[in-house]
Amino acid sequence: MRILLTNDDGIHAEGLAALERIARELTDDVWVVAPETDQSGLAHSLTLSEPLRLRKIDEKRFALRGTPTDCVIMGVREVLDKKPDLVLSGVNAGANMADDVTYSGTIAGAIEGTLQGIKSMALSQAYNHSNGRVVPWEVAETFAPNLIRQLMDVELPDWTFFNLNFPNCAPKELQGVEVTSQGKLDFGLTIDERADGRGFPYYWLRFGERKGDFRAGTDIHAVKNHKISVTPLKLDLTDYTVLDRVKRALIGEDAD
């Protein structure tokens, strides 16, 4: 099996090193094309206004001055001589659940792999922000290899991929694996206004305390209860529940 790895935290991220160790539990044919710098929060964006600079680190490891989406495209279309069997994106420092999947560069890596017709998975490791940045990578490293093996045998419809979130706990405290739906969180960003040395204002986006729908069966409920969340996500954003309603409004009651 050939695996292509990427992330959004950058080529030097601890989570990418963890993902390499996970992938090597599955195969020796592991390739890395990851961003040269941190690309968190850039979602499924492309670099169109400047060139993509590719730096070869070793035979199967490359850094790209671009986004996670760029990395997967370059990996599949330029670096590798044939498509990989699997794209893994992560392991992200911090969970990617609920509404946050729309912002995530980690999720975007899996989205692009899916668009390229390759089975893809995004992996993220939750951690407690209040005690500083101490990420329990050992949770993902312990449980991801076998989980990925099992998920490789699952037949997916076109344009569907897996979003895996590992809880913030010791491996021995894990309460199992749960197949979940995407949860809902309130808007968690605030604007922090500051002034530079000349008195001109500038701004930081800052994450604050978040509330949301923690119902059983959702990704955020599972991770909160020390379970690995496995969520199948699809790229078809059509809301089929309102198609007929819109047709009636625009075409008339007899619309098929």
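Me: How should I read the numbers and values here?
Reply: Residues count from 1 along each chain as its sequence is written, and side-chain values use heavy atoms, with hydrogens and water left out. The model is predicted: local features need pLDDT of at least 70, side-chain atom pairs count only at pLDDT 80 or more, and totals for chains, interfaces and linings use all residues.

Me: Which residues does UniProt list as "binding site"?
Reply: An unreviewed UniProt entry lists D8, D9, S40 and N92; UniProt positions are in the numbering used here, feature names are shortened, and annotations may be inferred rather than shown by experiment.

Me: What makes these residues a cluster in space?
Reply: They are spread over 85 residues of sequence, yet the largest C-alpha distance is 9.2 Å.

Me: Why is D8 called buried?
Reply: Buried means under 20% relative accessible area, exposed over 50%, and partly exposed in between (1.4 Å probe, protein chains only). D8 has 3% relative accessibility, so D8 counts as buried. D8 is in the loop between β1 (2–6) and α1 (14–24), where helices (H or I, at least four residues) and strands (E, at least two) are DSSP runs numbered from the N terminus.

Me: What does D8 touch, apart from residues up to four places away in sequence?
Reply: Contact means heavy atoms within 4.5 Å, and the residues that D8 touches include S40, P68, N92 and T106.

Me: How do you know that N92 is buried?
Reply: Its relative accessible area is 7%, so N92 is buried. N92 lies in strand β5 (residues 86–93), and beyond its neighbours within four places in sequence, the contacts of N92 include D8, D9, T106 and W137.

Me: What makes the T47 and D70 side chains a polar contact?
Reply: A polar contact is a pair of N or O atoms within 3.5 Å; within protein, one must be able to donate a hydrogen and the other to accept it, and residues adjacent in sequence count only if both atoms are side-chain atoms. The T47 and D70 side chains are joined by such a contact at 2.5 Å. T47 sits in the loop between β2 (29–35) and β3 (53–58).

Me: Why is β1 described as largely enclosed?
Reply: Five of its five residues are buried, so β1 is largely enclosed by the rest of the structure. Both faces are covered, with R2, L4 and T6 buried on one side and I3 and L5 buried on the other.

Me: How do you know which strands pair with β1?
Reply: Two strands pair if DSSP finds at least two bridges between them. β1 pairs with β2 in the parallel sense over four bridges, and β1 also pairs with β5, again parallel, over four bridges. I3 has V30 as its bridge partner in β2, while L4 stands opposite V87 in β5.

Me: What makes a right-handed unit of β1, α1 and β2?
Reply: A crossover is right-handed if, with the strands pointing away from the viewer, the path from the first strand over the helix to the second runs clockwise. β1, α1 and β2 make a right-handed β-α-β unit.

Me: Why is helix α2 largely enclosed?
Reply: Nine of the 12 residues of α2 (residues 68–79) are buried, so the helix is largely enclosed by the rest of the structure. D70 and P68 are among the buried residues, and what covers them includes β1, β5 and α3 (105–115).

Me: What makes the backbone at A98, W159 and the G90 to V91 bond worth a look?
Reply: Most residues other than glycine have a negative phi, and most peptide bonds are trans. A98 has a positive phi near 50°, and W159 has a positive phi of about 70°. The bond from G90 to V91 is cis, with omega near -15°.

Me: Are A98 and W159 buried or partly exposed?
Reply: A98 is at 0% relative accessibility, so A98 counts as buried. W159 has a relative accessible area of 43%, so W159 is partly exposed.
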